[in-house]
Every structure is written in C-alpha cells, then in structure tokens.
Amino acid sequence: MNFGADRTGDFLRLVNSLRSSSNDHIPRGENVSLLKSSSDELASHSHPNSSISKSSQFAQMAALISSDLAVTCSRLESLSTLARQRTLFDDHSAEVQHITLLIREDIANLNHRIADLSNLSKANSNSYNHQQSARHNSSILMSLQSRLAGMSERFKRVLEQRSKTLRDQAARKNAFSAQQKPSNGVVNMAFEPPERIDGGTKTSVSAATIVPSILLQDEQKARQENSVEPSGTANLLLPDPSQTQLMMYQDQTDAYLTARHDTVRTIEHTIVELGEIFQQLATMVHEQEERVERIDANVEQSLVSIDSGHAELVKYLRSVSSNPSENLSKAEKLQQTKRPKILPAIRKSDIKPTKKKQWTNRERTLVLCSRGVSFLGRHIMKDLITMMPHSKSETKMDAKHDLPLINEVADIRNASKVVFFEGRKKHDLYLWLSCVPAGPSAKFLVENISTTSELKMTGNALRYSRPILSFDKNFDDVESPHLQLLKEIMISTFGTPNFHPKMQPYTDKVISFNYFNGRIWFRVYQIVEESGALSEIGPRFSLLPMKIFLGSFNGAVIWENPNYVSPNKIRQALGMKKDVKYMDRVEAKKGKKKRKTKQTVLHEVDPIDDIFD
C-alpha cells in the first residue's frame, strides 16, 4: 500500500542548509576589493618622491579607472544574470545583496576618482600649454564619464528588474502557499481543519482558519483515498497539517518581508547615489561644453577641407584623363612622335574635327574701382579694359576699410591679378596692382593723368591686339630689387596670354614703362611701319611707388618709398604759404599806418604872406 506523506518541511530544511553552506563560501566580511587595491596602487604611483611626470600619472590613473570599470561591468553582468532568475526554490537574495553593495561602492569610488582625474587634467592644462595633450586628456575623461554613466544607468535598470522579479515571486508564492479564510465563510469546506472536543465544547485550532495550499490539498486527498488504518492511528502518526502549514507560512512570510524591506532600502540608497552621480556628470559635461563645441567646429572645418581636397583630386583626375600624353615618359613621347599618324578611313561630315587647346596660360585680370573716384579715374580704367583682352570688369566697391575683400571677388571671377583704382577726397587717385590670393601687391599714387579722348592723337591700334611690353634698363638694376619685383608684377598684369580667345592675331602696339625722377611713366604707342616707327595713342600717366606688401592688399610691408610725401601734406604746405603771404600784406599795411602817424607836419614860412597885413 502506498501512503502519502507531507515532506514540505524536509524540503525547506534542505534548501536552507544548502543556502547557508553556499553563503559560507562568500566572504561577507571582505572589504578589500579591486577598486581599493587599484587605489592603493595609484597612491603608490602618485607618491611625492616619484619622478613620474604629470602626464604619465594621468595616463596611469586613467588606465586603472578603465580596468576597474571593466571589473565593475563583469560584476554587473553577474548581478543581471541573478536578477533575471524567477525560480521560487533557488533564491539568491544574499548573493544579490552582496553584489549590489559591491557595485554601489565601486560606482561611488569610481565617481570620486574620475573627479580627481578631471582636477588633475585641469592642473596639467594650466601648467603646460600643449593643446594636443589637453584634447587627448579631455577625450579620455569624456570616454570614462560616458562609460560610468552607461554603467550606472544599466545598474538602475537591473535594480528595477530585480524589484519586478521580487513582486512576481511574491505573487507566485501567494498563489501556491496557505491563505487565511475570508471572514464571510470557508473557502473550501472539504479541507476545513478538524475540531477538537475539550470539556464537551468544540474549539477550533486557531482563531483564523488556514486554507492549505493546492499542492498540500492534492496530497491530503490522495492520503484519504489510499489510507486503510483508522483515523485515530493516522492522526497519531502524522502531525497536524494545518499547524505545520501555519508555522511554515509564518516563517516564510517573516523572512520574505525582511528581505524585501532590506532590498527596497538598498534600492532607495542606490537610486539616491545614482542621482548624485548623474548631477556630477552633468556638471562635468557643462564645464567641457566649450571644448566639445570647438572639437565639433574643427571636425566641420576638416570635413570642408576634405571635400575641397576631393574636388581638387577629381579635377586633376579629369585633367589627366583628358590629356593622357602628359603621363607618358619622354621615351614614350619620342616613340609616339616617330610613329606615323594613321588617319581614319572614313569621317562623317557632321562630325566636327577636334581642336587643340592652345590657351594654356589662363590668367585673368580683374579691373575695378572704389566709390568716390573722379571722372579721370573712370576714363583711365575704361582705357585699360579696352587694351587688355584678358581683363574682367566689376562694379564699384565700397572697400575703404576692408581691402582684402577684393580677394574673394577675384576668386569668384576666377581672376589671378587685380587692378584696383582707389579714390580719396575726390582729388587723389591711387592704383593697386595685386597677385591674388598670396601676393605680393604694390600701391602707387597716380599723377599726370591724360586719357585717350583728351590727347586726340593721330595714331590708332587694333582693339584687343597683343601688345609688346617695354621696360628701360633701370628695372634690371641689381641695386633696386623693388623695381625688379614691380616689373614682374606689371608683366603678369598687363601682358596678354598667348592664344587668348579674345586676342586679335596682330601685334601693333607697344606699352612702355620708363623709370625717371622716382616715378614710372606709362605710355602706349602704335607700331606705324615695319621699320619700327612709333606713334603715341594714349593714355598716359605716371605712377609714384608708395609701398610693396607681402600679401594681397595686406601683409607685411617689404618696401616703402622714403621720398614719398602725402598729397594732403603738399596741399597743407601750399595753404600755409598762401596764409603767410596774406599775413605779410596785413603786417605791411599796419606798419605803413604806424609810420604815417609818427610823421610831424612842418609849415614852411612864405616871405610874402604878411604883405597885405
């Protein structure tokens, strides 16, 4: 015969013994962790007598913090594994609490150490002026802070998951454990505890009737069906199931409530500490906001530079693909020239023959003026545009205080040289010749201006014909390097590139540059005959060199004319001379008046005045 027995108590005692034996292997009193060992090692490295520099000390501290972060992450992985377990009979509450306490201490310690590392980085940046090392330290700090913030957020999610698991376990325990009867009646009359007769009166076992669990109810039903012995004997052999179940339930409930209370308190403290950590991280991020913005700006600038470099590479690739002969060596080019050219057998009439590109020097000159230029300056500018087929005109610019802005205009118009007429006080005209964008540039005072329409010379030249530039021997003088530089600037500015599309296939004029009396005299002549006879056609003007700059419209002054006198000072001297003449006349009048007052009038005596008396 099979007899059923309630072995729940034995099972619970076995579980408690196994749990206590497993907890004994865990060193609860262990206070020395990897974080403290790493901090001791860091303290030994940062001894005042050590000769390690601050940068190496920062690197060692960052390496130790990174290794401790890895250890804490591994602990967090084990805590996450334990928190996901939902079994009722294999509870690891003690181990979970121990690991939670360790992780909380690790996070607090890591937070303080990262703050110390941030202070060390600030001290290094104040003591050393190395931008690269400062950026490296800031990036390491940001990486460690982000890792710590991510780990703290994950720790918070694990604790929330643990709380949810505890609530689910409590619900399952309530479903499969004994419950009190409701006040309105018995839940199940078949499993009501037996009453005992004491002194002729019936008293219940307990004031509150306990309803056995579902598993215990099934076991009692099987025992009642299979039992053959009398009920008295069975009651003597077996303990009262209601009392046993009540004791077990009370013990489990007390232990569960205590563990739940401790867990909730631990979670609350952990959440408060996480809030402090996030506040400190927010403060650190706010302090490093400027550096991050500067890094973003540098990254954007780098992207723009990369795009421009890519565009230049593509342009070069296209030029190479369009001119494959440039990539060949001299021997291959020589072999190609020796080979006979094979013409196509058939060419359709609608196919245009390919044209060779002969215009290799693609320099363009931008000619413009500023606001306030007199009519003479405008006419001179128009005469130069008419003579130069490679010139490009532009509207007037108000660039009185920002001349380098002309470089951007020239870049937009794809010009490499600039001729800029600047007017001052409606009387003075200045000329700028500049090589954009790198320089150099020269500034002149324009004097003795005569336009083509004013001269009315008999000579005439073809428009946009290629001129011959003539310079006297003073421009080749070794003792005057500034004249040699001005000669190169004028050749690249006024010289027409060969095979220009607008250029006429004639050479019938000469542009002459002569240096005399400290000035450059500009003249234009027509080649009348093949013998070389010249006839002036205009315009004409003289250029007084003032300064030569290293850059385009700016930069250091590499040469300055010591004999230059400003037109304002000349006009001031002339005015003062006129004032002196006027004052001399006034003083002369005053002296004459004084002399007249000092003279005494003498009456001459006439001998015949008293004849008729």
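This text walks through one predicted protein chain, from its overall make-up to single residues. Residues are numbered from 1 along the chain as its sequence is written, and side-chain values use heavy atoms, with hydrogens and water left out. Because the model is predicted, local features need pLDDT of at least 70 and side-chain atom pairs count only at pLDDT 80 or more, while totals for chains, interfaces and linings use all residues.

Start with the whole chain. Its secondary structure comes to 15 helices and 15 strands. Both are DSSP runs numbered from the N terminus: helices are H or I with at least four residues, and strands are E with at least two. Of the 613 residues, 31% are buried. Buried means under 20% relative accessible area, exposed means over 50%, and partly exposed lies in between (1.4 Å probe, protein chains only). Now look at contacts, meaning heavy atoms within 4.5 Å. Among contacts with a separation of 6 or more, 71% are between residues 24 or more positions apart.

The surface comes next. The chain exposes about 40700 Å², and carbon and sulfur atoms supply 55% of that area. Accessible areas come from the Shrake-Rupley method with a 1.4 Å probe; for residues, only the protein chains shown count as cover. I295, V299, L303 and I306 make a nonpolar surface patch of about 350 Å². Patches are made of residues with over 30% relative accessible area and no salt bridge; like charges are joined within 9 Å, and nonpolar side chains (Val, Leu, Ile, Met, Phe, Trp, Tyr) within 5 Å. I295 sits in helix 9 (residues 289-322). With a relative accessible area of 36%, I295 is partly exposed.

Now turn to charges. Side chains of opposite charge can pair when their charged atoms come close. How many salt bridges does the structure hold? There are 12. A salt bridge here is a side-chain nitrogen of Lys or Arg within 4 Å of a carboxyl oxygen of Asp or Glu. One of them joins R154 and E77, at 2.5 Å from N to O. This pair links distant parts of the chain: R154 is in helix 5 (residues 131-175) and E77 is in helix 3 (residues 54-83), 77 residues apart. R154 is partly exposed at 27%, and E77 is partly exposed at 37%.

D428 pairs with R571, their closest N and O atoms being 3.0 Å apart. D428 lies in strand 8 and R571 in helix 15 (residues 567-598), 143 residues apart. D428 is buried, with a relative accessible area of 10%. R571 is partly exposed at 34%. Elsewhere, R523, E536 and R540 are linked in a network of salt bridges.

Rings also pair. The whole structure has 10 aromatic pairs. Rings of Phe, Tyr and Trp (its six-membered ring) pair if their centres lie within 6.5 Å; planes under 30 degrees apart count as stacked, over 60 as edge-to-face and the rest as tilted. The ring centres of F471 and F475 are 5.3 Å apart and their planes are at 75°, so this pair is edge-to-face. Both residues, F471 and F475, are buried. F494 and F522 have ring centres 5.9 Å apart and planes at 45°, so this pair is tilted. F494 is in helix 14 (residues 481-494) and F522 is in strand 12 (residues 519-527), 28 residues apart. F494 is buried at 4%, and F522 is buried at 1%. F471, F475, F494, F513, Y515, F522 and F541 form one aromatic cluster.

A charge can also sit over a ring: NZ of Lys or CZ of Arg must be within 6 Å of the ring centre and within 35 degrees of the ring normal. R463 lies over the face of Y464, at 4.9 Å from the ring centre. Y464 has a phi near 65°, a positive value in a residue other than glycine. Y464 is in the loop between helix 13 (452-455) and strand 10 (468-471).

Finish at a proline. The peptide bond from G439 to P440 is cis, with omega near 0°. P440 lies in the loop between strand 8 and strand 9. Is P440 buried or exposed? It is buried, with a relative accessible area of 19%. Residues that P440 touches include L433, L485 and F549, not counting residues up to four places away in sequence.
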